[in-house]
Amino acid sequence: APKLDYQIVFVLGGPGSGKGTQCAKLVEEFGLVHLSAGDLLRTHMKSGTEDGNMVANMIKQGQIVPSRVTISLLEKAMRDSGKRQFLIDGFPRNEENRSNFESQTGIEPAFVLFFDCPEEVMERRLLGRQEGRTDDNLETIRKRFKVFMDSTQPIINFYVAKGRVRRINADRSPQAVYADVGSAGTVEME
Ligand code: UP5
Ligand code: MG
């Protein structure tokens with residue numbers, strides 16, 4: 001049984017597939033809490049702690065941060081929100097993330113939203129983004145694609161086998177993608 005009375009949806013998809021963009025729309029319409037693991041890690045990176053420096057280096061290399069760090073940031077954010085329904089964006093990224101989250105929190109996702117998008121489209125979007133992220137350069141973008149294929153796609157497949165994945169064609173305008181994502185019942189939980 002879950003230790004915590006939380007309902008969560010995992011939002012997965014390659015780098016630049018539009019996870020953050022679509023979560024922002026879902027928050028507006030459904031009032032869920034959006035927790036981007038990447039955003040939490042980028043904030044943690046500025047803490048000046050040893051872990052923060054490790055995170056900064058790993059993000060710059062496109063590597064997956066150990067779940068010890070990410071799960072504690074997610075748990076704290078969930079607790080601090082005072083809410084119980086969450087969109088968890090960009091996590092879990094590998095089996096280590098997935099299995100530790102499940103064993104430590106006792107939570108299984110209600111379902112997984114998967115934004116499916118060709119690499120060349122994601123690459124164009126990331127190179128066009130002007131947020132100054134340390135990982136938005138061609139060298140790191142290519143590493144992020146490889147890490148996604150090698151480590152995160154198997155997690156999506158794991159949930160496909162459980163019948164938990166809602167695949168969305170993310171290679172369309174943000175509005176067209178959202179028409180699918182936000183369609184009745186997609187995100188409404190209990
Ligand atoms: N855009 C969005 N949708 C569009 C559309 N339909 N048509 C045209 N343009 C569209 O979108 C990306 C860009 O594309 C934006 O400019 C947007 O306007 C445009 P966005 O919504 O930001 O896409 P998103 O999928 O969120 O892309 P992001 O770059 O955030 O994905 P990543 O998965 O790479 O980044 P994340 O922040 O999740 O992780 C970064 C790093 O943190 C990882 O590489 C890893 O090192 C680390 N990390 C961990 O180690 N563990 C974690 O659990 C999470 C992250
Ligand atoms: Mg994002």
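How many disulfides does a search of the whole structure find?

1. The search finds zero disulfides, a disulfide being a pair of cysteine sulfur atoms within 2.5 Å. Cys23 is in no disulfide, and the nearest cysteine sulfur, that of Cys117, is 15 Å away. Cys23 counts as buried because its relative accessibility is 1%, where buried means under 20% relative accessible area, exposed over 50% and partly exposed in between (1.4 Å probe, protein chains only). Cys117 is likewise buried, at 10% relative accessibility.

2. The basis of these remarks is a predicted model, in which local features need pLDDT of at least 70, side-chain atom pairs count only at pLDDT 80 or more, and totals for chains, interfaces and linings use all residues. Residues are numbered from 1 along each chain as its sequence is written, chains are lettered from A and ligands numbered from 1 in the order in which they are written, and side-chain values use heavy atoms, with hydrogens and water left out.

3. Six aromatic pairs are present in the structure. Rings of Phe, Tyr and Trp (its six-membered ring) pair if their centres lie within 6.5 Å; planes under 30 degrees apart count as stacked, over 60 as edge-to-face and the rest as tilted. Phe10 and Phe91 make an edge-to-face pair because their planes stand at 70°, with the ring centres 6.3 Å apart. This pair links distant parts of the chain, 81 residues apart: Phe10 is in strand 1 (residues 7-13), and Phe91 is in the loop between strand 3 (85-89) and helix 5 (95-105). Helices (H or I, at least four residues) and strands (E, at least two) are DSSP runs, numbered from the N terminus.

4. Phe91 also pairs with Phe101, edge-to-face, at 5.5 Å centre to centre and 65° between the planes. Here the loop between strand 3 and helix 5 is linked to helix 5, where Phe101 lies, ten residues apart. Phe10 and Phe91 are both buried, and Phe101 is buried with a relative accessible area of 1%. One aromatic cluster takes in Phe10, Phe91, Phe101, Phe158 and Tyr159.

5. Two arginines deserve mention beside the rings. The charged end of Arg98 sits over the ring of Phe158, 3.9 Å from its centre; the criterion is NZ of Lys or CZ of Arg within 6 Å of the ring centre and within 35 degrees of the ring normal. Arg166 lies over the face of Phe111, at 3.7 Å from the ring centre.

6. The count comes to one cavity of 30 Å³ or more. On a 1 Å grid over the protein atoms alone, a cavity is a set of points where a 1.4 Å probe fits but cannot get out, and a pocket is an open set with protein on both sides within 12 Å along at least five of seven lines; lining residues have an atom within 4 Å of a point. Grid points are joined across faces, edges and corners, and a volume is the space filled by probe spheres set on the points. The largest cavity holds about 30 Å³ of space, and its lining includes Phe10, Arg98, Phe101 and Tyr159. Helix 5 gives the most to that lining, with three residues.

7. The largest pocket has a volume of about 910 Å³. Of the 43 residues that line the pocket, Lys19, Arg42, Arg129, Arg133 and Arg144 lie nearest its centre. Helix 2 supplies the largest share of the lining, five residues.
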